[in-house]
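Please look at the sequence and the structure below before turning to the exercises. Each exercise sets a task, and a worked solution follows it.

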Protein chains: 2
Amino acid sequence: MLVALGVRIQGLRHDRGLTLQQLAEAADVSVGMLSSVERGQKAPTIVVLARIADGLGVSLADLVAEPEDTRIIVRRAADQDSVDEPGGWRRTVLSPVVPGVNFEWIRTTLPPDCDAGRFPAYAPGSHEYVVVESGTLRLTIADTPVDLNEGDSAYFAADVTHGYANTGSGPCTYYVAALIMRARVAQPRTRHTSRGLRRG
Amino acid sequence: MLVALGVRIQGLRHDRGLTLQQLAEAADVSVGMLSSVERGQKAPTIVVLARIADGLGVSLADLVAEPEDTRIIVRRAADQDSVDEPGGWRRTVLSPVVPGVNFEWIRTTLPPDCDAGRFPAYAPGSHEYVVVESGTLRLTIADTPVDLNEGDSAYFAADVTHGYANTGSGPCTYYVAALIMRARVAQPRTRHTSRGLRRG
DNA sequence: ATGCTCGTTTCTCTATAGTGAAATTCGTAG
DNA sequence: CTACGAATTTCACTATAGAGAAACGAGCAT
C-alpha cells in the first residue's frame with residue numbers, strides 16, 4: 001500500500017520530467033524524505049503528502065486514489081443493456097463498467113404522466129447531471145421540485161433522495177450522468193491488521 | 001487545513017453515532033491519537049488516516065476531498081453556451097461549472113465530412129465517455145481509429161491525444177462526458193493557480 | 001452532595017517521520 | 001581507466017506521531 005503510493009508519486013514526477021530535488025523544492029519537502037516516500041520506506045504525514053501533491057499539481061485525493069488501467073471500451077448499440085421497466089419506461093445504460101470509476105450514463109424514456117420513483121441518497125460527494133432531450137421532466141431533490149423542459153440541463157448533489165417524473169402529456173427522454181461515491185457501511189471489521197506485536 | 005480534516009472526521013463519526021473509543025477500536029488507532037487528529041493538534045500519517053477512513057467506512061480519497069457545497073444548479077436551454085464554430089459545427093455545453101468537480105458534458109453536431117480536430121492529452125486519470133445520437137463518428141485515440149454508429153457508446157482514458165471526426169455523408173450529433181484531471185506544470189511553489197478547463 | 005459510568009482530554013514515553021549534509025551510484029566526457 | 005557533474009541514496013540527528021494509561025468532566029442514579 002505504501003509502495004503503491006510511492007510508485008504512483010514517482011510516476012507522476014517522471015511524467016513531468018522532474019528530478020527529486022526539483023520536486024522537493026517545489027513541494028517544500030526534503031529530498032531524502034521524498035526519496036523514502038517514493039520507495040515506500042517511510043509513511044508521510046498528510047501535511048507532507050499534501051505538499052507533495054501540491055508540488056505535483058494534483059489534488060491530495062487524486063494521489064491516494066487508485067490508478068486507472070483500462071484504456072478503451074466500446075459498447076455497440078446492440079450490446080447495450082436496455083431495460084424495459086414494468087411502468088412502460090425504458091432505460092439504456094450507455095457507460096461501461098470501469099473498475100475504479102463510479103460513473104454511470106443512462107438514457108431514459110418515460111411515457112406520459114409517469115413517475116420513475118425516488119432514488120435513495122448516495123454517499124456524500126456524489127453528483128448527478130441531467131439533460132432533457134425532449135418532453136418535460138420534473139426533478140425532485142430532497143423536497144425541492146424543479147421542472148426541466150427540452151434542452152434544459154441540471155446539476156445536483158446526489159447525497160439526498162431524488163426522484164424523476166414525466167409531468168407532461170407526451171413522452172420524455174432524458175440523459176443522466178452520475179458520479180457515485182461509494183460508501184461502505186460498517187463492515188464486520190477486518191482483522192487483517194493485527195498491529196501491536198511490533199511494540200515492545 | 002488540519003483542523004478542517006479534523007472536523008470532517010469528527011462529523012463523519014458523529015453521523016455514525018460512534019464514540020471516540022468505538023471508532024478507535026474499529027480503526028485500530030489509539031483513542032488519544034484520534035482525539036488529537038480530530039482537533040487538528042497532530043498530523044496523522046497516511047497509514048493511520050487510512051485506518052481511520054477504513055473505520056469510518058469511507059475511502060481515503062473521500063476523507064481528504066473537499067466537501068461539496070453547491071446543491072442544485074439548473075441551466076435553461078436558453079442560457080446554455082452554444083458555440084457555432086467556423087467549420088460549421090455546433091457545440092453546446094450542458095454541464096455547469098462546479099468548483100472542485102472536473103466534469104464536462106457537451107453535445108456536438110458536426111456537418112458531413114467534418115473533422116473536429118485533435119485534442120491534446122490530458123493529465124493521467126482523465127476519462128471521456130462518448131455516445132452517438134445520430135450519424136457516424138470516427139474516434140481516434142492516440143493512433144487507433146474507432147468508428148461509432150448511432151447509439152454506440154465508448155469509454156477511453158483521455159491521457160493521450162484524441163480526435164473526433166464525422167466520416168459520414170449526413171450530420172453527426174454526439175455527446176461527450178469528460179472527467180478531466182488537472183495537472184499543473186512545475187510552478188514556483190504554492191499559490192493555487194487557476195485551473196482552466198475547457199472541452200470541445 | 002456521593003458514587004458511578006461514559007466520553008474526552010492530558011500525560012509519559014517510545015518509535016519513527018522529517019531535515020540537512022555526506023556518501024554513493026550512474027552517465028558521460030576526456 | 002579516470003574524472004566529473006547530476007541524480008539518488010544513506011546517515012546522524014531532531015521533532016513529532018502514536019500507544020497506553022491516567023486524569024478530567026459531564027450527566028445520572030441513589
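Predicted model: local features only at pLDDT ≥ 70, side-chain atom pairs only at ≥ 80, totals over all residues.

Residues are numbered from 1 along each chain as its sequence is written, chains are lettered from A and ligands numbered from 1 in the order in which they are written, and side-chain values use heavy atoms, with hydrogens and water left out.

**Exercise 1. Describe helix H1 of chain A and find which of its residues are buried.**

Solution. Begin with the extent of the element, where helices (H or I, at least four residues) and strands (E, at least two) are DSSP runs numbered from the N terminus. H1(A) covers residues 2-15, and its 14 residues reach 20 Å from the first C-alpha to the last, close to the 20 Å expected at 1.5 Å a residue; the expected span is 1.5 Å times one less than the number of residues.

Next, sort the residues by accessibility, where buried means under 20% relative accessible area, exposed over 50% and partly exposed in between, with a 1.4 Å probe and protein chains only. The buried residues of H1(A) are Leu2(A), Leu5(A), Gly6(A), Ile9(A), Leu12(A) and Arg13(A). They cover an arc of only 130° around the axis, and therefore lie on the same side of H1(A), the arc being that of the directions from the helix axis to the C-beta atoms. An α-helix has 3.6 residues a turn, so residues three or four places apart point the same way. On the other side of H1(A), Val7(A) and Asp15(A) are exposed.

**Exercise 2. Work out how strand E7 of chain A is enclosed and which strands it is joined to.**

Solution. First consider burial: four of the five residues of E7(A), residues 137-141, are buried, so this strand is largely enclosed by the rest of the structure.

Then look for partners, bearing in mind that two strands pair if DSSP finds at least two bridges between them. E7(A) runs antiparallel to strand E10(A), residues 162-166, with five bridges between them, and Ile141(A) stands opposite His162(A) there. E7(A) is also joined by five bridges to strand E8(A), residues 144-148, again in an antiparallel arrangement, and Leu137(A) has Leu148(A) as its bridge partner.

Finally, examine the hairpin of E7(A) and E8(A), which has two residues between the strands, and in which Ala142(A) takes a positive phi near 55°.

**Exercise 3. Identify what surrounds DNA strand C and which of its atoms the protein approaches.**

Solution. Start with the neighbours, a residue being near a strand if one of its heavy atoms lies within 4 Å of it. DNA strand C is surrounded by 18 residues, the closest being Met33(A), Lys42(A), Thr45(A), Leu20(B) and Ser35(B). Of the atoms of DNA strand C that come within 4 Å of the protein, 72% are accounted for by sugar and phosphate.

Now take single contacts, a polar contact being a pair of N or O atoms within 3.5 Å; within protein, one must be able to donate a hydrogen and the other to accept it, and residues adjacent in sequence count only if both atoms are side-chain atoms. Polar side-chain atoms lie at 2.9 Å from a phosphate oxygen of DNA strand C for Ser30(A) and at 2.3 Å for Thr45(A).
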